[in-house]
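Morning, everyone. I have one model to show you, and I will keep it short.

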Amino acid sequence: MNIKTKNLALAGILTSMTFLLGMTPIGLIPLGIINLTIMCIPVIIGTLVCGLKIGLLLGAAFGLSSTLTAFGISLAAQGSLSAALIPYSPFAVILMSMIPRLMIPIVSHFVFKSFSKKKHSFKPIAIGIATAAGSLTNTVLYLGSMYLFYMIFGLDTTVVAAFIAGTGVMAGPAEALVAVIICVPVVSTVLRSKKSASYKKNMPTPVKSKHGNPYNQKAYNQKANLVAPKGTQNVTPTPIFEDEELSTLVNIASMPSADIYYNADTDIKKRLIAKGTEYLEKDALDLSFSMFTRYISEFSEESMQRARFYVLIRYIDSGKYDFAAKVLRAILTSGAKCDETDKRVLTGTMRIIHSSKKEEINDIDNAKMREKFYEKVIFYIEHDQCVIAGQLFSRYLEVLS
């Protein structure tokens, strides 16, 4: 079952839960002087797990159930304040029931995107903030629109004001707290399980290379880290890159010396390479990138591309794909000519970077957009249009940010 099918199945379950909570007394938790509503929880979970489109669908279901309840067409108790508006304007009641509910997924989605970082897309803090924001959006907009319509139609606003000052002020934060307590573990667990399932699905089957590469099985065993298999550090295989992602990985990762690109013909170049390698091994990546950048700048314009390729392979060999992406973008946008071996390195690197970032986007539309950019980058590299490929690769990285 692919991700889209799973999302649709989950959306169906959450939609059923939304109607069940919205049209029965189950959606209210009585706590003496106040009643807490948990009807927004399926909407928030669906938004954070499946994306904004599914969230809007769930928000519409929540709004529809609220509308039916306001008109007395449900098992849940009809609200006296909303019922008082029906004789004056049924349309106002529909707006009051629908708009706040549709804003829940919008606010939750964009707050989550703002607070989550690329490498921790299901970070509990971001989920908690997005959940609280969505819940409070529902409370504030619903009570605010009710007060506004009471003013427009000349009804007694003191009753609504008292309701807002009393029940609204107490229930709103409490509802947000309950939503956070429920949503954070649920959303975190679902996102982790989706990532794990997708990763297992994409694990390659070990294949025997027609070029006789002896490291395929070891590479398969170490696929999770995408690092060079042990025992290959002193091997420089023929730089042939097959179409299979696994063979591409093995051939790149087993070329740490990168003899076909390496050229440190001066002492300063050798010192910069040594320092860059030292920082890379210590995971001081910014310092490493600075040293490698200075190493590249020591070359003439004609030779600079060779140095970039060398640095690219060093980052791929170490599994530092964010920095490999920076170097790849520099190679593509430089406009320098690439031979067939270069193009195979570039397409192989692109496949590895793409594979390592498959689960960084939860939104289906963004995932599809990134997939299109990925295919176009590969196409233009293979057709000697590296500058265009570089521009598309920049767009590809923007989708991840």
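This is a predicted model: local features need pLDDT of at least 70, side-chain atom pairs count only at pLDDT 80 or more; totals for chains, interfaces and linings use all residues.

Residues are numbered from 1 along each chain as its sequence is written, and side-chain values use heavy atoms, with hydrogens and water left out.

The whole chain, then. The protein chain has 16 helices and two strands. Those are DSSP runs, numbered from the N terminus: helices are H or I, at least four residues, and strands are E, at least two. Of its 401 residues, 47% count as buried. Buried means under 20% relative accessible area, exposed over 50%, and partly exposed in between, with a 1.4 Å probe and protein chains only.

Now the glycine. Gly-276 sits in helix α10, residues 267-281. Buried or exposed, Gly-276? Buried, because its relative accessibility is 0%. Leaving out residues up to four places away in sequence, Gly-276 touches Ser-288, Met-291 and Phe-292. Contact here means heavy atoms within 4.5 Å. From Gly-276 to Thr-293, 17 residues along the chain, the C-alpha separation is 9.1 Å.

Last, the surface. Lys-4, Lys-368, Lys-372 and Lys-376 form a positive patch. Which helix gives the most to the positive patch? Helix α15, residues 364-382, with three residues. Lys-368 is in helix α15. At 41% relative accessibility, Lys-368 counts as partly exposed. Patch residues have over 30% relative accessible area and no salt bridge, with like charges joined within 9 Å and nonpolar side chains (Val, Leu, Ile, Met, Phe, Trp, Tyr) within 5 Å. A salt bridge puts a side-chain nitrogen of Lys or Arg within 4 Å of a carboxyl oxygen of Asp or Glu.

Technical notes:
Accessible areas come from the Shrake-Rupley method with a 1.4 Å probe; for residues, only the protein chains shown count as cover. Lys and Arg count as positive and Asp and Glu as negative; His and the chain ends are not counted. The place of a charge is taken as NZ of Lys, CZ of Arg, CG of Asp or CD of Glu.
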